[in-house]
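Student: Please take a close look at one part of this model, with the conventions behind each value stated.

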Amino acid sequence: MSQHHFKTEVSRLLDLIIHSLYSHKEIFLRELVSNASDAIDKLRYLTVSDEAYKSISFEPSIRVVLDRESKTLVVEDDGVGMDEKELEENLGTIARSGTRRFLEKLPEEARKDSNLIGQFGVGFYSAFMVADKVEVTSKKAGTETAFRWTSDGKGEYSVEPAERVGPGTEVRLHLNGEGQEYLARWTVEGLLKKYSNHIAYPISLVSEEKKYGDEGKEEGTERKEEVVNAATALWRRPKSELSEADYVEFYKSFSASLGGFGFGAEGAEAEPLLWMHTKAEGAIEYSTLFYIPSKAPSDLYRADYKPGVKLYVRRVFITDDEKELLPVYLRFVRGVIDSEDLPLNVSREILQQNRVMSSIRQASVKKILGELAELAKVNPDKYAKFVEQFNRPLKEGLYSDFANREALLGLVRWKSTAAEGWTSFADYRSRMKEGQKAVYYIAGADEERLRRSPLLEMYRKEGIEVLVCSDEIDELVISGLGQFDGAEIKSVSRSGSEADFGEAEKDEAGSEGGAEVAQAVEKAKKALGEAVKDVRASKRLAESPACVVVDSDDPSLQFRELMKQLGGGELPDVKPILELNPGHGLVKRLAAAPEAEAEDLAQVLLGQALLVEGAKLADPVDFAARLSRLLS
Ligand code: ADP
C-alpha cells in the first residue's frame, strides 16, 4: 500500500467544500452519478470506435446501493474505470488549471457570499461532506488489476491493489453522522429523480427494505432493486411530450455533468434563460437542444474555457471537449448535438472538415441567433438580461462571423446619449434627425468620462445622438463596421466627423472672430511644433476650450491600447490634432498673448485636452509648472 499526501490545493478545496457547501450537501449524489455516467460514456465510445475494446460487452448501468448495517452508500458504474496512476492523478490532485485559478481567488469572494461556492459543480470531493471515509475501487477497461483509493479527506490518501470483476468503478462512502440520512431509500430515490432523471443510463437503487405480510405485519426484510430514473436522452423526445420543468431539470443535471469548477459561474443550481430544441429531418438528420445560461460562465473570457456543448452520434457520447462545434463567440451556449449521420469513430480532424458537421453547425448558429432575435422582440426585459451577460461575445461575432453579420448587427446593444439602458442600431437609426448623415459613436475605457467628453458638446447642442462605447473591444468592433442601413458609422474623435454639422454652424465659426482664431492657431502651432499633427479651429466644441482628435485614418488612442493588450505590440506613435474653440476666452487670450505666455497657454490647452481623453502626459512636471505660471 502506498501512502500519499493531497496536493495543498486539494486540501484547501476540501476545506472550502465542507465549510461553505454544507447546506447543499445532497449534491454529492448528483456529482457521483454524473461521474459514473461520464465513465460509461467513455467506455461506450471506446467499444464502438476502437478495435481493442470491441470485445468488451457491457450493459451500461449505474447502481446505487444503500446498506444500513455498515452505514455505507455505494455508487457503482461499469464504465471505463481508472488505473493506479489515474486514481492518483484524478482524485489526489486537481487536474484542471482553471479550477486552481478559481481556488486562488475564491476565499475572499466566498466570504462575501457564502452561497457562491454552492453555485459551482464541485465534483468527487463533495463526497467528504457526508462521509468520513471514501473508498474508490476501480479497474480500468482493458487492464487486469484493480486498485483501491482510500481517504478520510483529511490530507492523506492511500492506493493499493484490490479485487474487482469487470471494468468500472465503485465509490463507497462510509457515511458520517449527518450523512446517515442518505441511508433512507425514499430520500435517495427523490434525489436521483431530482438531479439525475435524464442521465442516459438506467440507475438502479438497491436496498434492504422491510417486508410486510397480508395483515400489514412486519415479516423481516427483502432486497429491493429498481430503476428509478427515466433514462432517456431528453433531446430525442418530441417537444410535445416535454414540460418546462423537464427542460429545466435536464439543464441542471447537464450542467453538473459538464463537471468541476471549469463549468463556471452560471452554476448547476441556476435556471437557464432560454432553450431551443430542434429536430431536423431530411437530407441531414440530427437533434439539438441548446440552452442560454442566465449567468455568464466564469471562464468566458479565458483562452482555456471549457466548451459547453456535447456531441453525440446516435445517442452515443462522442466528446464534450470540442471547441469547434459552435463558433467561438457562442461559447456560452450549453447543450447537446446528436447526429444520425456522422460515423461513430469520427476523429477531431475529420470533425472539423466534415460536411455533415458543418451544416449542423451552420443551422445551429442560425437557430440560436434567430431565437435570440425573437426574444428581443417579444420579451425585451428578458433580452436585456441576456445582453448584460453576453453582449460582448456577440460583438466578437461581428468581426469573426461575416456570414451572420446582419443577424448579429440586430442583436448587439450599445449605451447611448439619447436613451437609458440598451440601444440597438435600429433604435438609433429610427431616432436619427432629418439630414443627419451618420451613426456617431464615442469609444474609450470609462463610460462616465466618455459621457462628459468635450467631443460631445456640439452633438449635445444639436440634439444628435451618440453611442457610448466603453467595452474594451468596442473600438475594434465598431470601427470595422463601416455602415448600418445606409448610414456611415463614424467616431466623434476623428477629424472630419464634425463636417456633418449644419452649414449655418460653419459660417458662424467662419465669420465670428475668424481672424482671431487664426492667430491663436498660428501661435499654438509654433509653440507645440512636433507634439501635434495639426492645430485647427473647432466646430465641435461649445463649452470646452480645446480637444484632441485623431486624423481620419490614424488608429485611435483606444485602439492602440487594445492592440497592446491583445499582444499586437506597440503601434507607431500617432500625433493628435489639437482643436481650439473659437468662442472660448482662453483661445482669445492665446490669440493676443506675447510669445512666452502663448507657449504656456498652448501647452496647457493641449495637456488638458489629452488628460480628458484619458491619455498620460509625457511631462507632467512641465505641465504643472506652466499651469502655475499662468495662474499666478
Ligand atoms: P470532474 O468530474 O469535474 O472532472 P471530479 O472531481 O468529479 O471532477 O472527478 C475527477 C476525475 O476523476 C474525473 O474527471 C474522472 O477522470 C475521474 N473519475 C471520477 N469518477 C470516476 C468514475 N466513476 N469512473 C471513472 N473516472 C472517474
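Tutor: Lys-210 stands opposite Thr-221 in strand 9; strands here are DSSP runs of E with at least two residues, helices are runs of H or I with at least four residues, and both are numbered from the N terminus. This is a predicted model, in which local features need pLDDT of at least 70, side-chain atom pairs count only at pLDDT 80 or more, and totals for chains, interfaces and linings use all residues. Residues are numbered from 1 along each chain as its sequence is written, and side-chain values use heavy atoms, with hydrogens and water left out.

Strand 8 (residues 203-212) pairs with strand 9 in the antiparallel sense over 8 bridges, where pairing requires that DSSP find at least two bridges between two strands. Helix 5 (residues 185-196) packs on the sheet and touches strand 2 (62-67), strand 3 (72-77), strand 8 and strand 9, a contact being heavy atoms within 4.5 Å. The direction of helix 5 makes about 155° with that of strand 8; axes are lines fitted to C-alpha atoms, for helices over the stretch in contact, and angles run from 0 to 180 degrees between N-to-C directions.

The sheet is open, with 9 strands in the order 1-6-5-4-7-3-2-8-9 and mixed pairing. Strand 1 (2-5) and strand 9 (218-227) are its edges; each has a single partner strand, so one side of each lacks a neighbour in the sheet. From one strand to the next, the twist averages 20°.

Of its 632 residues, 52% are buried, that is, under 20% relative accessible area (1.4 Å probe, protein chains only).

Terms used:
Buried means under 20% relative accessible area, exposed over 50%, partly exposed in between (1.4 Å probe, protein chains only).
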